[in-house]
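Hello,

Here is the structure we spoke about, with the sequence alongside. My notes on what was found follow below it.

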Amino acid sequence: MTTTLNEKDAPVPPGKGAAVIPAKPKRGRVKCIVWDLDGTLWDGVLLEDDAVTLRPAVVEHIRRLDQMGVLHSVASKNDRETALDKLRALGLADLFLYPQITWDTKSGSIRHIAKALNLGLDAFAFVDDQEFERAEVTHEIPEVTCVDVADLDEALSRPDFLPRFVTDESAKRREMYQAQLVRDDLERDFAGTNEEFLASLDLAFTIEPAREEDLQRAEELTVRTNQLNATGRTYSYEELDALRTSPSHLLLVASLTDKFGSYGKIGLVLVEKNERVWHLRMLLMSCRVMSRGVGMVLLNHVMRLAAGAGAELHADLVETGKNRMMQITYAFAGFTEASRDGAHVVLAADFGRLQPPPAYVRLDVRD
């Protein structure tokens, strides 16, 4: 079940105009909040007095946003083990992903967190009681939203802190990222090749037509995905439902699991079908699976379907500045530029470049 937190934007008809990018909504822009500890999460300075006093209102905000799919981390100038011990004693350690407890600058800590979570810096907010620390982050990373903890209630009521959608996967988002960090640690210590590591994960990739119960997550994917979205276009639930039942369109969803659990619904494809030419209007993948190679698997599946129907395959690509990886994916799949209008490029597939799924992925295609 999904709770929609705001009214839908006016639908944009699919088809020729589908590549036009609407103004990016501000609502739900913040995907991860980074918290200071001393004077922010708790009253007092931990290294001066272990008996710091937790701020219940701050913890309530963190737990509430966690259930809505907003991630949390820590950037604190502190003794790492002392601070982690305190977070564990307070029962809060599991709420924070990749905590940076170090004497490094706060901006440096936020950059480390962003890299670990594979999120853009403009998706971050930073909460600290010290004006100096907020000013340092603002100067070094102006994309990050800085908040004085004294203004927390007002700040967290702003649209950029409120996710546009809360889906069944939202409450599991932190757990999915925690599993990903375990995978990342395992990969760093793995002695073999990248393909041998991926084979060790027991990856299972499922592609199937979108069902009505998939649409709320599909809508969320179009809003949250920036780096691996070929057009940057968002679609509302109503648009996706109409496309799902349209005889001239194909709407596919993809999901991924491995031995650590499910990544959830992580891919979406929209194809406009004509007798002579199929047009790939949307291709997107969650950034969490960027290194798994399943974007190519999904794209090659669409290529096989078009070839089997005796149609050419064209694809929309809008250069958004953030989706360079999608250009690379299309290039590796053998797509070449057929036409261009500014940042909007139409690519054409070469079916001679069709590739089978890699040996490390078990592909399950469902009708």
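Phenylalanine 197 counts as buried, because its relative accessibility is 1%. This, like everything below, comes from a predicted model. The ring partner of phenylalanine 197 is phenylalanine 190: the two form an edge-to-face pair, 5.6 Å centre to centre, with 65 degrees between the planes. Phenylalanine 190 has a relative accessibility of 31% and so counts as partly exposed.

The structure holds two aromatic pairs. Tyrosine 330 and phenylalanine 335 also pair edge-to-face, with 4.9 Å between centres and 65 degrees between the planes. Tyrosine 330 is buried at 1% relative accessibility, and phenylalanine 335 is buried at 6%.

Two arginines are placed over tyrosine rings. The charged end of arginine 183 sits over the ring of tyrosine 263, 3.9 Å from its centre. Arginine 233 lies over the face of tyrosine 235, at 3.9 Å from the ring centre.

On the backbone, please look at two residues with positive phi. Tyrosine 98, not a glycine, has a phi of about 50 degrees. Tyrosine 98 lies in the loop between α2 (80-89) and β6 (100-101), and its relative accessibility of 34% makes it partly exposed. Asparagine 118, also not a glycine, has a positive phi of about 60 degrees. Its loop runs between α3 (106-117) and β7 (124-128). Asparagine 118 counts as partly exposed, because its relative accessibility is 27%.

Regards

Conventions. Residues are numbered from 1 along each chain as its sequence is written. This is a predicted model: local features need pLDDT of at least 70, side-chain atom pairs count only at pLDDT 80 or more; totals for chains, interfaces and linings use all residues. Side-chain values use heavy atoms; hydrogens and water are left out. Rings of Phe, Tyr and Trp (its six-membered ring) pair if their centres lie within 6.5 Å; planes under 30 degrees apart count as stacked, over 60 as edge-to-face and the rest as tilted. Buried means under 20% relative accessible area, exposed over 50%, partly exposed in between (1.4 Å probe, protein chains only). A charge sits over a ring if NZ of Lys or CZ of Arg is within 6 Å of the ring centre and within 35 degrees of the ring normal. Helices (H or I, at least four residues) and strands (E, at least two) are DSSP runs, numbered from the N terminus.
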